[in-house]
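Hi everyone, thanks for coming.

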Amino acid sequence: MARSGMTEAAHEADSPRLGRSNRDIVTLGIVSAAIVMFIGTGGSVLPRIVRQLAGDGAGPDQLLTNALLLNIALVIFGWRRYRDLAAEIAERRKAEKLARELAEHDALTGCLNRRSIGSAASALCLAAQQRGDQAAFIMLDLDRFKQVNDVNGHAAGDCLLEEAAGRIRSLLPPGALLARLGGDEFAVVLAVAPNRGEEIERMAEGLIHAVAQPVSFGEFELETTISAGISRTTPGEPVDVQAQLHMADIAMYHAKRNGRNRLAWFEPNMENEQRFRSEIASGIRRGVPLGEFVPYYEKQVDLESGTIVGFEMLARWNSPRLGMVNPEIFIPVAEEIGLIGELSESLIRQALHDARNWDPRLTLSVNISPVQLRDPWFSQKLLKILVEANFPPSRLEIEVTESCLHENVGLVRSLISSLKNQGITVSLDDFGTGYSSLSQLRSLPFDRIKIDRSFVMSLLEDKDSATIIQSIIQLGEGLGLPITAEGIESEAVLAELKRYGKFKGQGYLYGYPEPADRTEATLAQLDLLLEMPGKTQGDARRKAAG
Ligand code: C2E
Ligand code: MG
Ligand code: MG
């Protein structure tokens, strides 16, 4: 194999056992014996033949001549047999070597595989310890690799993996180990002098930088990033390779959660965090089919008149073990474990069902995760849910966060257009936090901008917040986009906002988010519910928000 998971120095130590075949030795013995006998018989037979040819005496004994001829035949036969056997053995050794390489290495990248990294890393750690060195474990995982596979195909994914492995390998010092643990996950194990944390960090940063450079694939350029988690052994303490790999893995996930394309050192508290997340993950898997995830509703109000114009649906997890859990805890985990689509669709179905009885002029806003925006079937799925619930698309508003704009903008644009073609409105949530550029904002057909609550909440104390809010309002006016201000908690903030213009708003001033039954009770009091005896749509009046 041309490439190897081990750098040169580490490889020789793993030289194969080259067993000699017994048959090989027996044949060699026969040939040697035949040669000795040939020398013995030839010594007396050949001089007689020479003398006979010279006419100087009788020829050799017939028996001895036969024995010599037999000897010659044996030598020739034996030698050829020996040569064939030697060739056969060489061939077999080559096949064994190849089989071993295949068993120990990853076929695509030539790196060591999950099976072989354990013993190779143990040997490396032992040698490092004997020298008084440390061993560093760097776990690497490509960011959003699935997306590359889904969008560009598996050949592109393979190309990216090969290239990433090659770049990582080229930066490793001699003797370092590189393994592909499966999928898009790699592990590097290397020996370092004690207390050289910054050296390891520099190496990991180099790997992250190298992988982030674009990769040519036919006429396309593929781009990816990689996240790294690092752990290292303690000098003088016994090394548990699997535990080290696990710690590096936990740190790598931490790096991913903190924004990807970065590194993190393992810290013991990360293990608790990881345990908590896996508890949340299994809770989500159990809870979705059991209906533990429920919609809450927050009023959206016309600030000028104070009337309710709609509700934003906010997910809550009514967990039997943890109580009522906020979305900021479970949404990222649902995204990570690939359940966000299912969870969100179940919540939207419930919300459409709840909103059936509301005054038809009231809108319903739902938040959509960037992960869902990457699903090319998302708008079809949503349309199906709307049709099943018999809910008019014009009453539905989708909120996407500004961070979505860092995703594949082309994909986001076509999805937003497709939603709008169905009559759904789309607003840009948490605006002001995600550094989106003006050109991005212009190129995407949003219907509304929502100012992030952090600016509104600090409007009176922080001059910068006031300036930012005013600029967003001006931007909205310039682009013809209406504005919603979230996070209005006090009359004073409301009064200040009203000075800036006319827009919609929401916040605790108008009440906390409430479950469906309490929302319905509020609407009933305000005479904003349908299907009440003797009542028609036209009767429903919007009233001042309570
Ligand atoms: P968001 O869409 O910006 O929702 C507004 C958040 O601000 C809600 O938090 C709401 O309870 C909170 N909030 C509203 N008014 C005030 C206020 O006056 N003061 C303060 N301090 N906070 C206020 P919540 O419900 O915890 O939701 C957090 C985020 O979780 C949401 O931010 C949204 O991005 C996300 N989220 C909620 N439900 C879903 C969902 O079904 N799917 C997805 N993908 N994300 C969701
Ligand atoms: Mg929102
Ligand atoms: Mg928001």
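Let's begin with one residue, Glu 312. Glu 312 is buried, at a relative accessible area of 4%. When I say buried, I mean under 20% relative accessible area; exposed is over 50%, and partly exposed lies in between, using a 1.4 Å probe and protein chains only.

A word on what we are looking at. This is a predicted model, where local features need pLDDT of at least 70, side-chain atom pairs count only at pLDDT 80 or more, and totals for chains, interfaces and linings use all residues. Residues are numbered from 1 along each chain as its sequence is written, chains are lettered from A and ligands numbered from 1 in the order in which they are written, and side-chain values use heavy atoms, with hydrogens and water left out.

Back to Glu 312, then. Strands (E, at least two residues) and helices (H or I, at least four) are DSSP runs, numbered from the N terminus. Asn 367 is partly exposed, with 29% relative accessibility.

Now for the neighbouring site. Which residue coordinates both magnesium ions? Asp 429 does, and the two ions are 3.9 Å apart. Asp 429 is buried at 3% relative accessible area, while Asp 430 is partly exposed at 22%.

Let's move to another part of the chain. Strand 2 (residues 177–182) is mostly covered, with 5 of its 6 residues buried. Strand 2 runs antiparallel to strand 3, joined by 5 bridges; strands pair if DSSP finds at least two bridges between them. Leu 177 stands opposite Val 189 in strand 3. This hairpin has 2 residues between its strands, and Gly 183 takes a positive phi near 55 degrees there.

Two asparagines also have a positive phi. Asn 195, in the loop between strand 3 (185–192) and helix 7 (197–212), has a phi near 55 degrees and is exposed at 66%. Asn 261, in the loop between helix 8 (241–257) and strand 7 (263–265), has a phi of about 55 degrees and is partly exposed at 36%.

Finally, how far can we trust the picture? The mean pLDDT, the predictor's confidence in each residue from 0 to 100, is 89 for the protein, and 92% of its residues reach 70 or more. pLDDT stays under 50 over residues 7–19 and also over residues 533–546. Where pLDDT is low, the predicted coordinates should not be read in detail.

Technical notes: Donors = N, O, S within 2.8 Å, 3.2 Å for Na, K, Ca; no water. Contact = heavy atoms within 4.5 Å.
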